[in-house]
Amino acid sequence: MRLSMRVWDLPTRLFHWTIVLLLAIAWYTERTGRMSWHFYAGYAMLVLLLFRLVWGFVGSDTARFSRFLRSPAAALRHLMHFHRREPDNEIGHNAAGGWMVLVILLLLAAQVLTGLFARDDDISEGPFRRYVSDAASNWLSYVHYLIFDYLVLTAIALHVLAVLAYAVVRGHNLLRPMITGKKRLPAAMRAPRMASPVLALLVLACAAGAVTLLLTTF
């Protein structure tokens, strides 16, 4: 017997979809030369990444790094059995998916941090551009470009393909739980603990305050 169970809290789901939106905004504003909005998208992403870092330690069970980051060997075993069509009994990220999440978070962090020091032919520049030399800024600008166009987009494509592959090969719908927060699991399984939304708002406010202080002080 399977019952509908809440596996993803609202803050984690909002983080996921807001990051998707901010990536689209960052891409569009850079391509169309709307650099002030490009920077705003980057600042907002920095706030969310800082929030997600803290939420990974104090948030709901399924949002915690200690819960979904398993050993590389466990990830490999999971991938070796990928072809098996069997019931989806994962409460949160599976062993391989957890590492994919970490890689994407690290790439986004590198993308945002390099953007703080980047410049665009002296037309626009990041808020910390003045703290590095022209050569360093040029190099960081190039890395900023490379990370997005090659690494971030590749990671996103692999993530989307993985979701589709799980649906086709294993019959697992990974998208719906990230929208609704709920998933049908065996009744004998214990539902994960959900952290307070008030705590999430407090963490988000602290993250926004820290980024604002960083940008206005230095």
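## Pockets

A pocket is an open set of points on a 1 Å grid over the protein atoms alone, where a 1.4 Å probe fits, with protein on both sides within 12 Å along at least five of seven lines; its lining residues have an atom within 4 Å of a point. The volume is the space filled by probe spheres set on the points, which are joined across faces, edges and corners. The structure is a predicted model, in which local features need pLDDT of at least 70 and side-chain atom pairs count only at pLDDT 80 or more, while totals for chains, interfaces and linings use all residues. Residues are numbered from 1 along each chain as its sequence is written, and side-chain values use heavy atoms, with hydrogens and water left out.

The largest pocket holds about 1300 Å³ of space. Its lining comprises 50 residues, and H16, H93, V101, H159 and V163 are the closest to its centre. Helix 6 (134-170) contributes the most to this lining, with ten residues. By class, the lining has 31 nonpolar (Ala, Val, Leu, Ile, Met, Phe, Trp, Tyr, Cys and Pro), seven charged (Asp, Glu, Lys and Arg) and twelve polar residues (the others, Gly among them).

The second largest pocket has a volume of about 570 Å³. Of its 27 lining residues, E30, M35, H38, Q111 and H144 lie nearest the centre. Helix 1, helix 2, helix 5, strand 2 (119-120) and helix 6 each supply at least two residues of this lining; helices (H or I, at least four residues) and strands (E, at least two) are DSSP runs numbered from the N terminus. The lining divides into 14 nonpolar, eight polar and five charged residues.

## Helix 2 against helix 8

The axes of helix 2 (residues 35-58) and helix 8 (residues 197-217) come within 9 Å and cross at roughly 135°. Axes are lines fitted to C-alpha atoms, for helices over the stretch in contact, and angles run from 0 to 180 degrees between N-to-C directions. Helix 2 is therefore oblique to helix 8, as angles under 35 degrees count as roughly parallel, over 145 as roughly antiparallel, 65 to 115 as roughly perpendicular and the rest as oblique.

The contact (heavy atoms within 4.5 Å) includes Y43, L46 and W55 of helix 2 and L199, V203 and L215 of helix 8. It has 18 nonpolar, no polar and no charged residues.

## Helix 2 against helix 5

The axes of helix 2 and helix 5 come within 10 Å and cross at roughly 135°, so helix 2 is oblique to helix 5. Among the contact residues are F39, L46 and R52 of helix 2 and L105 and V112 of helix 5. By class, the contact has eight nonpolar, two polar and one charged residue.
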